[in-house]
Amino acid sequence: MSIEVIQSSLFSTIQDRGRAGYSRWGVPSSGMMDDHSGRLANWLAGNKAFDPLIEICISGGVYRFHEDTIVGITGAIAACELNDQKIRMNQSIRVNMGDTLKIGPVTKGKYLYLAIRGLMPPDKVMGSFSTFLPASIGGIQGRILKEKDRIGLRSIVGPVDRKVPRELIPHFGSRRELRVIRGPEWRWLTMKQQSEILSANFISESRSDRMGIRLNNSELDKIELMEMKSSPVIPGIIQYSGSGNLILLHRDAQTIGGYPRLLKVIDADLWRAAQCTANVKVSFKLISMSEAMDHSRYLNSIYPEGEIE
């Protein structure tokens with residue numbers, strides 16, 4: 001009972017909720033870059049919200065099934081085929097033993113999620129199956145999926161036939177407004193500098209990855225800030241680099257950093273930041289901490305219920 005990787009993308013890994021509580025030892029949280037799409041994919045497959053799944057970045061892949069099961073495909077947009085027949089994303093898909101699923105290159109967005117009913121990767125480390133490549137832990141030997149890999153499936157009974165509600169399907173455009181709260185060093189800026197950052201459009205760079213999203217704006221005046229000691233950081237923190245650009249830290253980011261922490265993308269918008277491809281225009285909307293918590297509570301409340309245990 002397994003799924004076999006016939007052709008992997010350049011950057012496909014196993015991810016789940018991630019590792020909590022290990023930052024004191026320098027271990028990043030990792031986990032799904034777009035947990036909004038990831039938990040919807042698991043819902044389609046009949047899994048629990050944060051069960052392990054396959055996170056596919058940009059280039060797609062081909063998979064053969066050695067057991068009957070249910071899959072869900074969400075997130076970035078790509079052409080998908082089951083046994084050379086086109087299939088739709090964002091709905092439950094029944095696959096049979098011997099079937100081949102092909103996911104084409106991503107055309108909009110960056111991260112696509114393939115959830116498979118009862119997926120059981122071999123390597124659980126520090127309470128998580130999430131792959132963290134720099135330390136070679138989690139997933140399958142802590143590495144990117146490759147041809148001939150087989151991932152086990154546990155037997156789960158019960159049919160499932162679901163579609164993602166239309167209002168929950170993400171849309172990918174050339175602009176992205178991210179809601180933020182003040183970071184610890186925000187007060188180091190003058191009111192004029194703060195206003196300029198909040199009114200500016202930043203461009204996401206192609207060299208962004210799971211560690212962080214690089215944002216630049218060549219029209220902003222370079223800001224001279226005092227040096228600081230390395231301090232704790234978490235996913236969503238926006239650092240001001242010495243080059244004058246911003247770095248939006250994400251799931252695989254280091255746990256301490258030496259750049260000023262100007263802003264923090266709210267948890268409810270981290271998935272939207274993850275889907276920024278190169279040359280997306282990014283702007284920021286400053287909100288209060290209480291508003292940020294309200295947005296997180298609202299987002300958690302709108303997901304469909306009924307995961308099959």
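**Close-up views of a predicted model**

Tryptophan 25 is exposed, with a relative accessible area of 60%. Exposed means over 50% relative accessible area, buried under 20%, and partly exposed in between (1.4 Å probe, protein chains only). This is a predicted model, in which local features need pLDDT of at least 70, side-chain atom pairs count only at pLDDT 80 or more, and totals for chains, interfaces and linings use all residues. Residues are numbered from 1 along each chain as its sequence is written, and side-chain values use heavy atoms, with hydrogens and water left out.

**View A. Aromatic pairs.** Rings of Phe, Tyr and Trp (its six-membered ring) pair if their centres lie within 6.5 Å; planes under 30 degrees apart count as stacked, over 60 as edge-to-face and the rest as tilted. The count by this rule is two aromatic pairs. In one, the ring centres of tyrosine 22 and tryptophan 25 are 6.1 Å apart with planes at 45°, so the pair is tilted. Tyrosine 22 is partly exposed, at 27% relative accessible area. The rings of phenylalanine 202 and phenylalanine 284 have centres 5.7 Å apart and planes at 45°, so this pair is tilted. It links distant parts of the chain: phenylalanine 202 sits in strand E12 (residues 202–204) and phenylalanine 284 in strand E19 (residues 281–286), 82 residues apart. Helices (H or I, at least four residues) and strands (E, at least two) are DSSP runs, numbered from the N terminus. Phenylalanine 202 is buried at 2% relative accessible area. Phenylalanine 284 is buried too, at 4%.

**View B. Helix H1 and its surroundings.** Helix H1 (residues 35–45) has 10 of its 11 residues buried, so the rest of the structure largely encloses it. Among the buried residues are His36, Arg39, Asn42 and Trp43. The buried residues of H1 pack against strands E3 (53–57), E5 (69–82) and E8 (100–116), and against helices H3 (270–274) and H4 (289–301). Contact here means heavy atoms within 4.5 Å. At the start of H1, a side-chain oxygen of aspartate 34 comes within 3.1 Å of the backbone nitrogen of histidine 36. After H1 comes glycine 46, with a positive phi near 85°.

**View C. Glutamine 194 in helix H2.** Glutamine 194 lies in helix H2 (residues 191–199). Its relative accessibility is 17%, so glutamine 194 counts as buried. A polar atom of its side chain lies 3.1 Å from the backbone oxygen of tryptophan 186. A polar contact is a pair of N or O atoms within 3.5 Å; within protein, one must be able to donate a hydrogen and the other to accept it, and residues adjacent in sequence count only if both atoms are side-chain atoms. Leaving out residues up to four places away in sequence, glutamine 194 touches Trp186, Arg187 and Leu189.

**View D. The largest pocket.** The largest pocket has a volume of about 500 Å³. Of its 23 lining residues, Arg17, Asp35, Arg251, Asp267 and Leu270 are the closest to its centre. H4 gives the largest share of the lining, three residues. A pocket is an open set of points on a 1 Å grid over the protein atoms alone, with protein on both sides within 12 Å along at least five of seven lines; lining residues have an atom within 4 Å of a point. Grid points are joined across faces, edges and corners, and the volume is the space filled by probe spheres set on the points.

Technical notes. On a 1 Å grid over the protein atoms alone, a cavity is a set of points where a 1.4 Å probe fits but cannot get out, and a pocket is an open set with protein on both sides within 12 Å along at least five of seven lines; lining residues have an atom within 4 Å of a point.
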